[in-house]
Amino acid sequence: MNYQETIEYLYASAPLFQQVGGAAYKPGLQVTETLDEHFAHPHRRYKCIHVAGTNGKGSCAHTLAAWLQLAGFKVGLYTSPHLVDFRERIRVNGAMIPRQRVVDFVEAERSFFEPLHPSFFELTTALAFLYFAEEQVDYAVIEVGLGGRLDCTNIIRPIVSVITNISRDHTQFLGNSLAEIAAEKAGIIKPGVPVVVGETTPETRPVFQEKARAVHAPLTFAEDQPEIKAWQYAPTECTMTYQTRHFGEIRGALSGNCQVLNTNTLLHVMQVLLPTFPAKYRDLLRESIPQAFYQVTALTQLRGRWEKTEQHPDLICDTGHNPGGWEYLAHQLSHAEYRHKHIVFGMAADKDVSRVLALLPHDATYYFTRASVKRAMNEQELQAIAASEGLQGEAYPTVHAAICAARKAAHPQDLIFVGGSSFVVADYLSDHHQPAAGA
């Protein structure tokens, strides 16, 4: 098989959650543990950082990887979902796993894994852990796929666990209350392993306290000790500038309002980790902290976080896709200073669509659309629900058609925003902004 045939085989034999949703979800660790044993527990050959949470975990994982890279370590990074290329999920020092390595893995191992009927994510996780071991990484930053307790990444024993925040998403799997969701996320907390929690609510805080106390895990609530004294968004450069308590001025390449919370969380994680490194690395690691925030996109190729990709008119895309994320995005969109706003918008049908639409600004023209995945909501149905919220616009069958219409209507001083779903952003980037091909 060539690379494209291999990817199609993986999608067909182990359905992809981002394509089909709940039908691809397999709770439990039995298959993961069988795969892990078959590959001789590769994750035990390097140190891991485990990142969970409803929103922000991708930004945090990428920034931590950039930080360790800047200090001279070889770093694996495992994240999901991908936007354009499957290989975005598995990187070493920012470079995607080679196509041939994916092909070789499937050809060599399919006779073993096919009888197990693993999920796509179980198989991808096994490949990532094995590849990192083969590449002899020093550290691997591992993003949880869904939840935590039963996520197949949860076989690792990290040097620190990170939980960014909790809001209602994937409730059909994780529970209907914030406390239930928090209990699933808290499943990554390991005996004696420090854990940093970015943001809590009165419902979620006791859950983390109880779990950490039960397993004697040192617990830090980042929100209790704000590192950021002030922050400012620079719209022209699409960057953030932070004044911090212990790290001076930090300029961040990730510029969504949600990054203020992520940055505070990350600075606490870094403070927890610094004493764990050999003394000879600590000064360099401390010096590398501001650079990590500024160079994260260049070092790890992170895309779609309030990312400006075009000018005159500005086109900004963001992968925020649930109410928790849109509480930040809607505020930022509402306060963005442009002549007029054109919002290309689509959502997955299994999200809390009405709650997100209720957050969106009314002083904009909407272009309702449907991404090229089975989970995407029909654009006309989305248009009808939006109309009941007072949002007006036309429906377009593809993201490409919607963006073309927005470009045609927009003045050079306007804003075109593309989002509502990772899949909408993925279609846009696939069409217009292919990432570097890699090896």
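Glu 122 is buried, with a relative accessible area of 4%. The residue sits in helix α6, which spans residues 120-134. The model shown here is predicted. Glu 122 and Pro 206 are 84 residues apart in sequence. In space, 31 Å separates them, C-alpha to C-alpha.

Turn next to the sheet. Eight strands build an open sheet with mixed pairing. Their order is β4-β3-β2-β5-β1-β6-β7-β8. The edges are β4 (95-96) and β8 (219-221), each of which pairs on one side only. Strands of a sheet pair through backbone hydrogen bonds, either parallel or antiparallel. Strands β2 and β5 run parallel here. Strand β2 covers residues 75-78 and β5 covers residues 139-143, with four bridges joining the two. Within this pairing, Leu 77 has Val 141 of β5 as its bridge partner.

Helix α9 (residues 205-214) lies across β6 (160-163), β7 (195-197) and β8. Against β8, helix α9 runs at about 160°.

Now look for the nonpolar residues. In soluble globular proteins, nonpolar side chains tend to be buried together. The largest nonpolar core in this model has 37 residues. Those with the most contacts inside the core are Leu 10, Tyr 46, Ile 90, Val 102, Phe 105, Phe 132 and Ile 142. Helix α6 gives the most, with 11 residues.

Leaving aside neighbours within four places in sequence, Ile 90 is in contact with Leu 77 and Tyr 78, among others. Its contacts also include Ala 95, Met 96 and Ile 97. Further along the chain, Ile 90 touches Thr 124, Leu 127, Ala 128, Tyr 131 and Phe 132. A second core is separate and has 35 residues. Among its members are Trp 67, Val 141, Ala 222 and Met 270. Val 141 is also the bridge partner of Leu 77.

The whole structure holds 15 salt bridges. One of them joins Lys 74 and Glu 135, at 3.7 Å from N to O. This pair links distant parts of the chain, 61 residues apart. Lys 74 is in the loop between α4 (57-70) and β2, while Glu 135 is in the loop between α6 and β5. Lys 74 is partly exposed because its relative accessibility is 30%. Glu 135, at 27%, also counts as partly exposed.

Another salt bridge pairs Arg 110 with Glu 114, the closest N and O atoms being 3.3 Å apart. Arg 110 is partly exposed at 30%, and Glu 114 is partly exposed at 33%.

Glu 327 and Arg 355 form a further salt bridge, with 3.8 Å between the closest N and O atoms. This pair links distant parts of the chain too: helix α12 (residues 323-335) holds Glu 327, and helix α13 (residues 353-357) holds Arg 355, 28 residues apart. Both ends are partly exposed, Glu 327 at 45% and Arg 355 at 35%. Finally, Arg 205, Glu 223 and Asp 224 belong to one network, joined by salt bridges that share partners.

Conventions:
Residues are numbered from 1 along each chain as its sequence is written. This is a predicted model: local features need pLDDT of at least 70, side-chain atom pairs count only at pLDDT 80 or more; totals for chains, interfaces and linings use all residues. Side-chain values use heavy atoms; hydrogens and water are left out. Two strands pair if DSSP finds at least two bridges between them. Contact means heavy atoms within 4.5 Å. Axes are lines fitted to C-alpha atoms, for helices over the stretch in contact, and angles run from 0 to 180 degrees between N-to-C directions. Buried means under 20% relative accessible area, exposed over 50%, partly exposed in between (1.4 Å probe, protein chains only). A salt bridge is a side-chain nitrogen of Lys or Arg within 4 Å of a carboxyl oxygen of Asp or Glu. A nonpolar core is a set of buried Ala, Val, Leu, Ile, Met, Phe, Trp, Tyr and Cys residues joined through side-chain atoms within 4.5 Å.
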